[in-house]
Amino acid sequence: MGRGKIEIKRIENSTNRQVTYSKRKNGILKKAREITVLCDADVSLVIFSSTGKMDEYCSSPLIKQLDRYQKASGNKLWDAKHEYLSAEVDRVKKENDNMQIELRHLKGEDLTPLNPRELIPIEAALEDGLVGVKAKIKEHRRALKKKTRMLEEENKRLIAKLQQVEIHGRGEMDTGANNGYNNQKAADGTRDYPSHNDNHHQVPFAFQMQPIQSNLTTATTTTNNNKYQLLD
């Protein structure tokens with residue numbers, strides 16, 4: 001039996017519609033790749049499903065193909081503003097490429113194809129850059145020395161201030177200790193007793209000593225008007 005002819009109309013069943021889209025999408029993408037390889041053709045294919053999902057195939061950058069289409073067909077795809085922006089992007093890309101080349105030259109790379117006349121500006125640029133770098137280093141060193149001196153002066157000032165605080169604190173501690181001692185004596189009602197070498201005062205104590213031997217008699221010894229009594 002032969003395959004029946006399918007009527008080309010919208011498939012109402014959403015599930016069947018999605019299955020058919022997936023199969024035919026893969027088929028058309030395959031055909032686009034085949035014609036690119038077999039015929040050396042430049043192909044661009046963009047597909048949007050009913051759900052908004054995009055599938056694409058481009059044998060070369062799409063922007064280039066659109067430019068070719070615009071020139072070949074005469075249809076204006078971009079307005080003046082977009083054309084200006086496109087030209088500006090191209091200009092910036094070209095400048096960036098030139099700067100990359102100059103940077104490689106300054107780093108000593110890709111110098112083989114250059115002639116002596118082209119090497120002279122590179123040498124001058126390197127010398128100018130070296131002078132600027134040395135000047136910047138000197139500036140940083142001067143700033144560092146200045147900051148170091150300021151820190152040293154601040155350190156000396158803080159040390160002097162700390163010493164003053166310590167001296168003042170010790171003075172207050174000594175004064176407080178003396179005041180506390182005098183207040184304690186006044187509260188206890190005591191006084192300092194003279195030493196035993198002071199001959200102008202009598203010792204206010206009478207000592208009694210028990211002799212070791214029993215035949216010792218009672219004796220009284222007077223020294224500097226102080227009486228010591230020895231008992232049997």
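Mentor: Let us begin with Asp110, which is partly exposed because its relative accessibility is 43%; buried means under 20% relative accessible area, exposed over 50%, and partly exposed in between, with a 1.4 Å probe and protein chains only. This is a predicted model, in which local features need pLDDT of at least 70 and side-chain atom pairs count only at pLDDT 80 or more, while totals for chains, interfaces and linings use all residues. Residues are numbered from 1 along each chain as its sequence is written, and side-chain values use heavy atoms, with hydrogens and water left out.

Trainee: Where is Asp110 found?

Mentor: Helices (H or I, at least four residues) and strands (E, at least two) are DSSP runs, numbered from the N terminus. Asp110 is in the loop between helix 3 (80–106) and helix 4 (116–188). Asp110 is not a glycine, yet its phi is positive, at about 55 degrees.

Trainee: What is the phi of Asp40, and is Asp40 buried or exposed?

Mentor: The phi of Asp40 is also positive, near 55 degrees, in a residue other than glycine. Asp40 belongs to the loop between helix 1 and strand 1, and it counts as exposed because its relative accessible area is 69%.

Trainee: Which residues form the largest nonpolar core?

Mentor: In soluble globular proteins, nonpolar side chains tend to be buried together. A nonpolar core is a set of buried Ala, Val, Leu, Ile, Met, Phe, Trp, Tyr and Cys residues joined through side-chain atoms within 4.5 Å. Here the largest has six residues: Leu29, Ala32, Val43, Leu45, Ile47 and Tyr57. Helix 1 (14–39) and strand 1 each supply at least two residues of this core.

Trainee: What does Leu29 contact, leaving aside neighbours within four places in sequence?

Mentor: Contact means heavy atoms within 4.5 Å. With those neighbours left aside, Leu29 is in contact with Leu45, Glu56 and Tyr57.

Trainee: Is Gln65 buried or exposed?

Mentor: Gln65, in helix 2 (residues 62–73), is buried because its relative accessibility is 11%. Not counting residues up to four places away in sequence, Gln65 touches Asp42, Val43, Ser44, Cys58, Ser59 and Ser60.

Trainee: Where does UniProt place the feature "coiled-coil region"?

Mentor: UniProt positions are given in the numbering used here, feature names are shortened, and annotations may be inferred rather than shown by experiment. The unreviewed UniProt entry places this feature at residues 82–109 and 134–168. In the model, residues 82–109 are 89% helix and 0% strand, with end C-alpha atoms 37 Å apart. Residues 134–168 are 100% helix and 0% strand, and their end C-alpha atoms lie 51 Å apart.
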